[in-house]
Amino acid sequence: MSCSLLGGCGPQGNREIKNLKTYSTAAERFEGAHVLCPGCAHSIIVREILNATNDNLVVGASTGCLEVCTAIYPHTSWDCSWIHIGFENGSTAIAGAEAANKALRRKGRISADTPEPKFVAFGGDGSTYDIGFQWISGCCDRGHNMMYVCLDNEVYANTGGQASGSTPIGASATTAPAGSDSYGMKQNKKDMLSIMASNGASYVAQVAPNKWKDMVKKIQKGFNTDGFVYINAMSACTTEWKFPMHQTIEVSDLATDSLVFPLYEIINGRELNITYRPKNIVPVRDYLGAQPRFKHLFKPEYEYLLEEWQKRVDAQWVYLQKREEARV
Ligand SMILES: Cc1ncc(C[n+]2csc(CCOP(=O)(O)OP(=O)(O)O)c2C)c(N)n1
Ligand code: SF4
Ligand SMILES: [Mg+2]
């Protein structure tokens with residue numbers, strides 16, 4: 001099915017989800033012919049997001065694995081309006097398209113009965129937490145009616161695994177390598193969800209590809225929200241996290257069940273809702289142990305770092321629960 005900015009793609013609004021198989025294999029907007037690594041979570045997330053709506057889409061992708069691997073001229077995986085733009089300004093390209101749509105409607109050059117499309121920008125964590133940060137913040141300040149999705153694999157994957165503002169403490173990355181004198185990354189990751197919530201985003205949520213129903217609910221909520229929406233999508237990277245390619249969903253389960261990536265949403269900067277409470281919370285060391293980027297932390301001299309990791313995750317979970325209760 002082909003979509004255009006001007007409409008004509010069938011029933012609009014939320015897509016009815018029958019079951020995982022039909023949902024995850026529907027490929028009208030994003031097709032399988034790409035060269036992302038086998039097991040890459042980026043493509044799972046993109047399909048889960050695009051399949052959440054029947055509305056026409058205007059999609060942007062900043063430079064990074066997603067863009068490079070899905071649009072190799074003359075081929076493309078995208079069967080919707082799609083813009084590739086620089087590493088830093090995927091957000092503003094989509095904000096510009098959103099503003100143009102408004103202006104053209106005001107001038108009557110797009111008729112009022114043409115269905116409104118949804119505007120979505122994808123960027124990696126390098127693009128989001130670091131180099132495109134101020135542009136995203138500006139789009140949020142101006143209240144553009146758009147969704148920004150960070151595909152958060154905690155590293156500059158497309159250029160060989162450099163550390164970003166999202167790389168967590170103790171991970172080995174090419175610019176923060178673990179070795180005889182170092183345990184790798186020294187700082188902890190930036191809290192983009194809190195930053196975007198206090199920046200004034202109408203809706204902020206963390207999602208993960210293994211919790212697809214939770215993802216769909218949040219994406220549909222985001223699409224039905226007026227104003228700027230920020231989605232942080234945990235995206236396990238087989239190449240840079242160095243786990244076997246068939247373990248993407250297992251590693252994602254460990255991420256959400258250890259609460260290293262808790263799933264929650266923040267509405268209008270205030271109302272925080274936890275959307276997934278694992279029945280059995282697994283130790284953080286099980287999550288770290290599944291990824292060779294953390295393997296050096298299991299040496300006796302770094303036992304204290306594993307303990308600090310667990311304490312930090314526990315404290316964050318307590319904080320999220322208190323904020324949920326307090327509604328502030
Ligand atoms: C201004 C600019 N700086 C650097 C680059 C080189 N570059 C291309 S992709 C990339 C890494 C992207 O990392 P991230 O945004 O985390 O996406 P990922 O590949 O991890 O999905 C870099 C540094 C560029 N294209 N443009
Ligand atoms: S390097 Fe990582 S993010 Fe990039 S295509 Fe491979 S698995 Fe996906
Ligand atoms: Mg990345």
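Author: Helices here are DSSP runs of H or I, at least four residues long, and strands are E runs of at least two, numbered from the N terminus. This is a predicted model, where local features need pLDDT of at least 70, side-chain atom pairs count only at pLDDT 80 or more, and totals for chains, interfaces and linings use all residues. Residues are numbered from 1 along each chain as its sequence is written, while chains are lettered from A and ligands numbered from 1 in the order in which they are written.

Reader: How many residues surround ligand 2, and which are the closest?

Author: A residue is near a molecule if its C-beta atom, placed from the backbone, lies within 6 Å of it. Here 13 residues surround ligand 2, and Cys37, Cys40, Cys65, Cys237 and Thr239 are the closest. Both α3 (65-70) and α9 (238-241) supply at least two residues of that shell.

Reader: Is leucine 259 buried or exposed?

Author: Count neighbours: 20 or more other C-beta atoms within 10 Å means buried, 12 or fewer exposed, and in between partly exposed, with C-beta atoms placed from the backbone. Leucine 259 has 22, so it's buried. You'll find leucine 259 in the loop between α10 (248-257) and β9 (264-267).

Reader: Which residues does leucine 259 touch?

Author: Contact means C-beta atoms, placed from the backbone, within 7 Å. Leaving out residues up to four places away in sequence, leucine 259 touches Ile281, Val313 and Trp317.

Terms used:
Contact = placed C-beta atoms within 7 Å.
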